Amino acid sequence: MSPASSSNNNHQTDGIHTLLAERMAEGGGALCNDQNGLCLGYEGSIEASKSGIYTSIVKVASLLDNTIDGSSTSSSAKSNNMKKENNEVPLISIQTEQATLLVKEYGGRTFVFRVPATDDSAGGRDS
């Protein structure tokens, strides 16, 4: 790696860390669990004591039917095997007045991101 590209990567990394630090200061947070719901690490305004719940939510949501019309023509076991083969894992969004939690599994780990509500999003949307 050339010194110029190394310097560019360091600048980009610094920018990401700065952005994340700003979001954490505003009430954001992030959490990572293993496949059993054990919290591997967290930062910011997120409750690590509830880490196992997030993993459970991901596991239950991945069992939901994902056909286009909602009709299931295959057995549950066959459907689950197809989902595993296609790596179909849903993104779960939990919204409250204070924040939105985004929950997703990647590579056997559950990641949770807490995004605080902003004043303009709490007041509703224009039509």
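User: How many disulfides does the structure hold?
Analyst: It holds 0 disulfides. Keep in mind that this is a predicted model.

User: What about cysteine 32, how far away is the nearest cysteine sulfur?
Analyst: The nearest one belongs to cysteine 39, and it is 7.8 Å away. Cysteine 32 is in no disulfide.

User: Buried or exposed, what is cysteine 32?
Analyst: Cysteine 32 is buried, at 14% relative accessible area. Cysteine 39 has 24% relative accessibility, so it counts as partly exposed. Buried means under 20%.

User: Switching to strands. Which way do β3 and β4 pair?
Analyst: They pair in the antiparallel sense, over 4 bridges. β3 covers residues 92-95 and β4 covers residues 99-106.

User: What joins β3 to β4?
Analyst: A hairpin does, through 3 residues.

User: And how many bridges join β4 to β5?
Analyst: There are 8 bridges, and these two strands run antiparallel. β5 spans residues 109-116. Alanine 99 stands opposite proline 116 in β5.

User: What's in the turn between β4 and β5?
Analyst: The two strands form a hairpin with 2 residues between them. Glycine 107 is in that turn, with a positive phi of about 55°.

User: Back to β3. Where does isoleucine 92 sit, and is it buried or exposed?
Analyst: Isoleucine 92 is in strand β3. Its relative accessibility is 14%, so it counts as buried.

User: Which residues is isoleucine 92 in contact with?
Analyst: Leaving aside neighbours within four places in sequence, isoleucine 92 is in contact with Ile57, Val58, Ala61, Leu101, Leu102 and Val103.

User: How many residues apart are isoleucine 92 and valine 112?
Analyst: They are 20 residues apart in sequence. In space, they are 9.4 Å apart, C-alpha to C-alpha.

User: New topic: threonine 55. Where is its place?
Analyst: Threonine 55 is in helix α2, which covers residues 51-61. It is buried, with a relative accessible area of 4%.

User: What does the side chain of threonine 55 make a polar contact with?
Analyst: With the side chain of asparagine 33, at 3.0 Å. Beyond neighbours within four places in sequence, threonine 55 is in contact with residues including Asn33, Asp34 and Thr110.

Technical notes
Residues numbered from 1 in each chain as written. Predicted model: local features only at pLDDT ≥ 70, side-chain atom pairs only at ≥ 80, totals over all residues. Heavy atoms only, no water. Pairing = 2+ DSSP bridges. Disulfide = S-S within 2.5 Å. Buried < 20%, exposed > 50% of the residue type's maximum accessible area, 1.4 Å probe, protein only. Contact = heavy atoms within 4.5 Å. Polar contact = N/O pair within 3.5 Å; in protein donor to acceptor, adjacent residues only side chain to side chain.
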